[in-house]
Amino acid sequence: MKDRFGRSIEYVRVSVTDRCNLRCFYCSSYRNFVPLNHTSILTYEEILKILEVLSELGIKKVRITGGEPFVRESVSELLLKVKGIPGIERLTVTTNGTLLKNYVDILKKSRVDGINVSLDTLKAERFSTITGMPKLQDVIEGIKAAHAAHIPVKINTVYYTYNLDEVEDLVNFALELGIPLRFIELMPFDEKWKEHYVEEAVLFNELSRIGKLTPLETRYGDGPSRYYLLKTKGGNVQIGFISAISHNFCQNCSRIRLSADGNLIPCMASSSRYSLRDILRGSEVDKFQKLREVAKNAIFEKPLKHRMPEAPPPNEMRKLGG
Ligand code: SAM
């Protein structure tokens, strides 16, 4: 369905847990993090019911994310059922990759259309500094295992002051595997944002030193990425830019989010939320009808655009399906 500004909303990001096995320094305020208790979190059955309603309203694409989706117990149960919902055409997953190699078979069986793996560095020590955990090798093995199983993989690299010197190594890594590399501009979820933020133009210059960047018409996937082809001496790589601050992309936004505790969130940077869990667990006679009504309203009322960095998102990334 269309929102009040005429944007077609077709894509939902579902956070299946607010928990994560990494502690990336920029990813919300994990230092004071109090995880949701298990009863607050939507069951898989509840998520599937909500997806059925959303699909009736025109949602065609589902991304499973978190927190870290693979730390939630039995997430396979959910993954295997999403594409069985009439109207759902695409299933994708965003992961930090640490547990990925154990899930390659399930992803294949779930008919997943692609996965995004977050990877900011190829240096083991730096990986531990950024994420708090020594798991770089697991991530690399996960990426390679998924790629070898012919699951389309994209690398998501958040860039900031710590890893700008690795742009070329990351490009070469993507080039070797023949997969797209997307650079995400750091968003202000944390008071440390200003210290580490690097604007897109600086990254663009770094990349231009490595090769020639040519804009691509093709869009790979459903996100707000702008794609370029980077022609280097070693070959060509598709480079995506996701730059919420340097290039506001809200006019093309087609997504809504479902938080782990069952709130439908029309925009990451806004505080409006609509509890679908309360309807599912409440005493409403026709729950399906009520869910449809509330979800329709949430989509229709999606805000026009974010106001970052002046107005930082009031949400924690891990709770809202980053
Ligand atoms: N655990 C999964 C992962 O690591 O991909 C999914 C959730 S994570 C919140 C999704 C993405 O959000 C990751 O690529 C992460 O790097 C990115 N992210 C987290 N905090 C961010 C921030 N402040 N600015 C930009 N991207 C951020």
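Helix 1 passes helix 10 in a right-handed crossing (the near helix is turned clockwise from the far one by less than a right angle). This is a predicted model with residues numbered from 1 along each chain. Local features need pLDDT of at least 70, side-chain atom pairs count only at 80 or more, totals for chains, interfaces and linings use all residues, and side-chain values use heavy atoms, leaving out hydrogens and water.

The axes of helix 1 (residues 44–56) and helix 10 (residues 287–300) come within 10 Å and cross at roughly 60°. That makes helix 1 oblique to helix 10. Helices here are DSSP runs of H or I with at least four residues, numbered from the N terminus; axes are lines fitted to C-alpha atoms over the stretch in contact, with angles from 0 to 180 degrees between N-to-C directions. Angles under 35 degrees count as roughly parallel, over 145 as roughly antiparallel, 65 to 115 as roughly perpendicular and the rest as oblique. K49, E52, V53, L54 and E56 in helix 1 touch F288, L291, R292 and A295 in helix 10 (heavy atoms within 4.5 Å).

Helix 1 also packs with helix 2 (residues 75–82), at about 20° and with the axes 10 Å apart, so helix 1 is roughly parallel to helix 2. Here, Y44, I47, L48 and L51 in helix 1 meet V75, E77, L78, K81 and V82 in helix 2.

Then there's the ligand. An oxygen atom of the ligand is 2.5 Å from an N or O atom in the side chain of S118, while a ligand nitrogen atom is 2.8 Å from a polar backbone atom of M187.

Note on methods:
Helix = DSSP H or I, 4+ residues; strand = E, 2+ residues; numbered from the N terminus. Polar contact = N/O pair within 3.5 Å; in protein donor to acceptor, adjacent residues only side chain to side chain.
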